[in-house]
Amino acid sequence: MATLVTQAGRAPFDHFGFVNPPVYRGSTVLFPTVADLEGLRQPYTYGTKGTPTTRALETAWSEIAGAADTVLVPSGLAAISLALLTATKAGAHLLVTDSAYSPTRAFCDGFLARFGVTTQYYNPAIGAGIAALIRQETTAVLVESPGSQSMEVQDVPAIAAAAHEKAVCVIIDNTWATPLYFPPHERGCDLAIEAGTKYLSGHSDILLGLVSANPRWAKRLRHTFNLFAMGVSPDEAALALRGMRTMSLRLKEQGRAALEIAQWLAARAEVARVLHPALPGHPGHDLWQRDFSGASAVFSIILNPAPKPAVDAFVDGLELFGIGYSWGGYESLVLPFDCAPYRTATRWTPEGPALRFSIGLEDVADLKEDLEAGFERLRGEG
């Protein structure tokens, strides 16, 4: 995989030997003759259909994900929306994991509901039991493994097998693991979503989403994409290509650091639980060992009960952890969260306040020192 992310999508001698494809900016594409225009007899026809720059990233990601085709969209949420629109229709029934990214729920309960699409949320631990929830009008099952806050690991192959028995599309939000650690199409998913904003970029400076498809769904995905014309800037694609070349190194280092910090946090008296799939005590650890080849740098912790001012003091005073949404960049982040208000199929009842961490490329000893000072503030305010 390290070789693939270095080599995929590159054709230097198509560009006079330059290692990276140039940034092609443009809307209008000229045809040499009327016959060429009428027959669309050239690879590029208009800016919304792509350029050599965006095609390089699409081709590379398809190789990495084991897909038949990939499309690029302006954000991770746009990728989620496009995948759902590809796999559903008016009056359809969707099954969505209760641990899904909160804006996914907002799109389903808001936009899709206006077209008579019913979304049913299910327990992420359901596995093959998903078969009992599939109706005649069910068109898609969406999985997210692990959940981006609560970290439940799903039995994706079992869910996919049950869904495919009834010709239901399986969509995965694979942003946490990326195809480097979880090959989505090999595990049975038809459409795979990636927020390229995160690990693919790696530098917190672009917004990008990708949807890849297996052979069965590739044509329909491309058709839906073309109808919306929600393409991305070639500049964003070029930055993503640049980020991709170091992606395997960053994932490996950040994942190693995150696991070390997670283990350190698990031993602290202030911490009730650490939610990290690679830790043996995690409820989904066995599934993680079976289906994943590594762990990325995002995990959560549940603190022992503490007053909000104490938790705020812990977070506000951190010097190396920024407070913000997103993750996967080179910098470490922390985010307080609470799943309880939007869970419907399961209950979120943690022992105390919850925090999500994204570990960056800072020195681990420095990050621990920063957290240690935070725990002193937590105790002082408690």
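Begin by selecting Tyr101, Pro103, Ser148, Lys198 and Trp327, which, among the 32 residues lining the largest pocket of this predicted model, lie nearest the centre of that pocket. The space in the largest pocket comes to about 520 Å³. To see which parts of the fold contribute, colour helix H4 (76-87), helix H5 (102-111) and strand S6 (191-195), the elements that each give two or more residues to the lining of the largest pocket. Of these, H4 provides the largest share, with 3 residues.

Next, move to the second largest pocket by selecting Ser150, Met151, Glu152, Arg273 and Pro283, the residues nearest its centre out of a lining of 18. About 310 Å³ of space lies in the second largest pocket, and its lining is made up of 8 nonpolar, 6 polar and 4 charged residues.

For the last stop, select Phe321, which is found in strand S10 (residues 321-323). Is Phe321 buried or exposed? Phe321 counts as buried because its relative accessible area is 3%, whereas the cut-off for buried is under 20%. Now display what surrounds Phe321: setting aside neighbours within four places in sequence, its contacts are Ser332, Leu333, Val334, Phe357, Ile359, Leu367, Asp370 and Leu371. One of these, Phe357, is worth a distance label, as the C-alpha atoms of Phe321 and Phe357 are separated by 8.5 Å, with the two residues 36 apart along the chain.

Key
Residues numbered from 1 in each chain as written. Predicted model: local features only at pLDDT ≥ 70, side-chain atom pairs only at ≥ 80, totals over all residues. Heavy atoms only, no water. 1 Å grid on protein atoms, 1.4 Å probe; cavity = no way out; pocket = protein on both sides within 12 Å on 5 of 7 lines; lining within 4 Å. Points joined across faces, edges and corners; volume = space filled by probe spheres on them. Helix = DSSP H or I, 4+ residues; strand = E, 2+ residues; numbered from the N terminus. Nonpolar A, V, L, I, M, F, W, Y, C, P; charged D, E, K, R; others polar. Buried < 20%, exposed > 50% of the residue type's maximum accessible area, 1.4 Å probe, protein only. Contact = heavy atoms within 4.5 Å.
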